[in-house]
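Open the model in your viewer and keep the selection tool at hand.

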Amino acid sequence: MDFEQLRAFYTLAQTKNFTKAAEMLHLVQSTVTMRIKQLEEKVGKPLFIRDKRSVEITQAGLTLLPYAERILKLSHEALNEVASLQPYEDYLSIGSLNAIWTSTLEPILKEYHFRYPQIAISTKTGHSSDVIQYLLDNVIQIGIVYVPPSLPNFDVIPTWDDEIVLVCCPESPIAASTHVDSRELRNLPLLYMNWGPPFNEWIRQTLPRNYVPKLTVDKAELAIDLIKEGLGVSLLTRSTVKAELAAGTLKELIITGNKPPKRSAYIVLPKDKKNKPSVEKWLSLMSELGYST
């Protein structure tokens, strides 16, 4: 498919107006009309329903739209990747979750940056599913996730296990205890974070079936701030709270009885990228710093 036809289609789908689409693309309206017509001839179906007042996308157009968006995005990423090589010898793009970046990967990234000034680096952040899609789209060369995918032509390498620990504010009345039985979690003001399938199974076994947490958060940094303000306790990964525990701004309560499972992190990379020099250097640095690669 022609990129300019796809760009005209995508812009018209967003604006639903030929005049506005032409203005955004810096084209005359007749050129936009021609490109849409040529694309419709290629796909063999109308992509828009037109009348004097409005433009509505058809079902065929809706089916094509996410693919057009990905193609245009990938073309933009590809041009950026090529441009980033100047004046560098190589490049590396890594994707991971926000929690993994802040708790684990940031110091590795800094060391890599200083150690290999001739390599350009870019990062992507998202959920595990986003990172896997970045890998499939060749937007990144390395993904580090908590949920291991099952993909042909990809290596999935267990790299570290992270404990899930119970933490509270040191000034909280709860902090007078040093240990908490897992069955007592139901009686605590729990700020709930979802740490994935094994953790969810443990929660189902540990808490009553009808238990509903008072406050559910989806970001560890937010949970930490709320704990410090005395809103409750939370089950967080040790790497996430390591700095706060060392500084004494959070206190760990040892869980007895049925302990939560550890959370495993995985390196995911295409088999054909494993010998790329920039990838080899990243894996070697992780290994040097004590991570399995």
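Select Gly-143 first: its bridge partner in β13 is Val-268. This is a predicted model, where local features need pLDDT of at least 70, side-chain atom pairs count only at pLDDT 80 or more, and totals for chains, interfaces and linings use all residues. Residues are numbered from 1 along each chain as its sequence is written, and side-chain values use heavy atoms, without hydrogens and water.

Now show strand β5 (residues 142–145). It pairs with β13 in the antiparallel sense over 3 bridges. Two strands pair if DSSP finds at least two bridges between them. Helices (H or I, at least four residues) and strands (E, at least two) are DSSP runs, numbered from the N terminus.

Colour β13 (residues 263–270) by accessibility. 7 of its 8 residues are buried, so the strand is largely enclosed by the rest of the structure. Buried means under 20% relative accessible area, exposed over 50%, partly exposed in between (1.4 Å probe, protein chains only).

Next, the aromatics. Rings of Phe, Tyr and Trp (its six-membered ring) pair if their centres lie within 6.5 Å; planes under 30 degrees apart are stacked, over 60 edge-to-face, the rest tilted. The count is 6 aromatic pairs. Select Phe-199 and Trp-202: centres 5.8 Å apart, planes at 35°, so the pair is tilted. Phe-199 is buried at 2%, and Trp-202 is buried at 4%.

Finish on Tyr-112, Tyr-116 and Trp-282, a cluster linked by ring pairs.
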